[in-house]
Amino acid sequence: MPPQGLGLAPRLRYLAGRARRIDVGSVLDRAKEASALHGKWTPAIVVDMLWQAGLRNVGFQDYIDYDFAILNRAERATYMTHPVSNQLSQKYDDPAFRHIFQDKVEFDRVFSEHLHREWMVVDDDNADDVRAFAERLGTIVTKEPVGQAGTGVHRYHAADIEDWDAFHRGLLTRGELLIEEVILQHSALAAVCPGTVNTTRITAFFDGEKTHILAIAQKFGRGAVSDQMTFGGFYTMLDDEGRAIGPGYDSHGHVHVTHPDSGFVIDQFQLPMMQEVRAFVDRVARVVPQVQYVGWDIVVTPEGPVLVEGNWGAGVYENKPSVTGIRTGHKARYRAAIGF
Ligand SMILES: Nc1ncnc2c1ncn2[C@@H]1O[C@H](COP(=O)(O)OP(=O)(O)O)[C@@H](O)[C@H]1O
Ligand SMILES: [Mg+2]
């Protein structure tokens with residue numbers, strides 16, 4: 001590995017951690033899934049999955065999500081994977097600054113000028129402020145600030161609330177301490193799913209001078225408060241011009257040629273204002289330059305892009321070959337920008 005490479009020690013630590021956590025049942029389930037889908041022998045897939053995980057930094061979910069069962073060695077090597085992404089986060093996201101991204105309240109404070117919406121924090125005695133905020137805006141989104149892995153976002157309508165003291169106490173008890181105004185998305189996004197604010201996930205690397213966009217994924221919801229997969233959401237990758245490269249998919253084996261509720265043909269999607277989006281990502285990437293590798297959730301609104309959150313543990317959104325017919329991933333872009 002070149003001197004600026006990711007280093008053997010963190011890699012070994014990560015692998016050792018993984019080996020301890022291997023859930024044999026889930027590996028078998030995933031292998032059976034891949035075997036049924038691609039007509040391959042299950043034991044061969046199990047061996048291949050373990051081999052890829054141990055020696056090639058391919059997570060089990062990566063193996064399934066990006067159809068490694070049908071890719072050859074050279075094609076597989078073009079794919080970004082979760083273990084590699086985790087190593088990049090460890091190396092390029094300074095631990096002393098990660099808390100800004102981990103805590104949604106702190107994030108909103110530090111990035112407030114890029115949110116373009118109102119927000120407030122619930123405390124022990126501000127029931128009246130919460131009521132005034134919610135009644136003025138009509139609908140609010142509340143968030144549990146730390147570590148809810150895609151489930152800590154909720155939506156309330158002021159008109160449904162009768163007892164404001166009880167509502168306020170409930171927010172405190174459940175830890176829904178951040179309240180935000182609902183983002184108004186661009187009509188091009190509302191055309192696909194009007195009931196959910198559909199975010200664009202832009203994975204980017206700031207090298208100290210320049211911001212590199214590594215991958216762009218467009219998420220779509222199903223009408224719930226959040227577009228995350230835990231709420232039934234799915235995604236498609238976009239090219240640098242913001243065009244969808246194919247149909248949508250999730251990590252649960254669903255493929256969506258059209259949006260199941262609106263009928264919108266996913267591969268016809270075009271994200272508007274791409275030039276503004278690129279400039280916006282460059283601006284937000286400079287706010288905390290110590291955290292260089294980030295998955296930004298943004299929303300294009302009629303007035304331009306706004307920030308939802310930044311994920312220092314960026315995760316991976318990649319092209320799914322069985323859905324798009326394209327057998328190449330984004331790793332070359334990561335390598336070119338980051339130099340590993
Ligand atoms: N202020 C908001 N207005 C409308 N929708 C929102 C708002 N904030 C978040 N969402 C929706 O909820 C999703 C999850 O929010 P986010 O803050 O990214 O939390 P997490 O990804 O940690 O669950 C977003 O992708 C978006 O669909
Ligand atoms: Mg998010």
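This section describes the domains, ligand shell, helices and selected residues of a predicted model.

The model is predicted, and local features need pLDDT of at least 70, side-chain atom pairs count only at pLDDT 80 or more, and totals for chains, interfaces and linings use all residues. Residues are numbered from 1 along each chain as its sequence is written, while chains are lettered from A and ligands numbered from 1 in the order in which they are written.

The protein chain is divided into domain 1 (8-77), domain 2 (99-105 + 185-338) and domain 3 (118-181). These bounds come from an automatic or database domain assignment. Taken over C-alpha atoms, the centres of domain 1 and domain 3 are 41 Å apart. Helices (H or I, at least four residues) and strands (E, at least two) are DSSP runs, numbered from the N terminus.

Ligand 1 has 19 residues around it. A residue is near a molecule or strand if its C-beta atom, placed from the backbone, lies within 6 Å of it. Glu180, Ile183, Val197, Ser226 and Asp227 come nearest. The elements β2 and β11 each give two or more residues to this shell. Domain 2 and domain 3 each supply at least three residues to the shell. By class, the shell holds seven nonpolar, six polar and six charged residues. Here Ala, Val, Leu, Ile, Met, Phe, Trp, Tyr, Cys and Pro count as nonpolar, Asp, Glu, Lys and Arg as charged, and the others, Gly among them, as polar.

Val277, Phe280, Val281, Val284 and Ala285 of α12 are buried. They lie on the same side of α12, because they cover an arc of only 130° around the axis. The arc is that of the directions from the helix axis to the C-beta atoms. An α-helix has 3.6 residues a turn, so residues three or four places apart point the same way. The cover over the buried residues of α12 includes β5 (200-206), β6 (211-220), β10 (293-301) and β11 (304-311). A residue is buried if 20 or more other C-beta atoms lie within 10 Å of its own, exposed if 12 or fewer, and partly exposed in between, with C-beta atoms placed from the backbone.

Ile202 is found in strand β5. It counts as buried because 28 other C-beta atoms lie within 10 Å. Leaving aside neighbours within four places in sequence, Ile202 is in contact with Ile213, Ile216, Val281, Trp296 and Ile298. Contact means that the C-beta atoms of two residues, placed from the backbone, lie within 7 Å. One of these partners, Val281, is also among the buried residues of α12. The C-alpha atoms of Ile202 and Leu238 are 9.8 Å apart, at a separation of 36 residues along the chain.

Gly39 follows α2 and has a positive phi, near 65°. Most residues other than glycine have a negative phi. Asp67, not a glycine, has a positive phi of about 55°. Asp67 sits in the loop between α4 (60-65) and α5 (73-76). It is buried, because it has 20 C-beta neighbours inside 10 Å. His116, also not a glycine, has a positive phi of about 55°. The loop between α8 (104-110) and β1 (119-121) holds His116. With 16 other C-beta atoms within 10 Å, His116 is partly exposed.

Glu144 lies in the loop between β2 (139-143) and β3 (153-157). It is partly exposed, with 17 C-beta neighbours inside 10 Å. Beyond four places in sequence, Glu144 is in contact with Gly152, Gly175 and Glu176. Glu144 and Arg174 are 30 residues apart in sequence, and their C-alpha atoms are 7.9 Å apart.

Two further residues are exposed. Asp239, in the loop between β7 (234-238) and β8 (248-249), has 11 C-beta neighbours inside 10 Å. Its C-alpha is 15 Å from that of Arg327, 88 residues away in sequence. Ala336 belongs to helix α14 (residues 331-338) and has 10 other C-beta atoms within 10 Å. Ala336 and Val27 are 309 residues apart in sequence and 32 Å apart in space, C-alpha to C-alpha.
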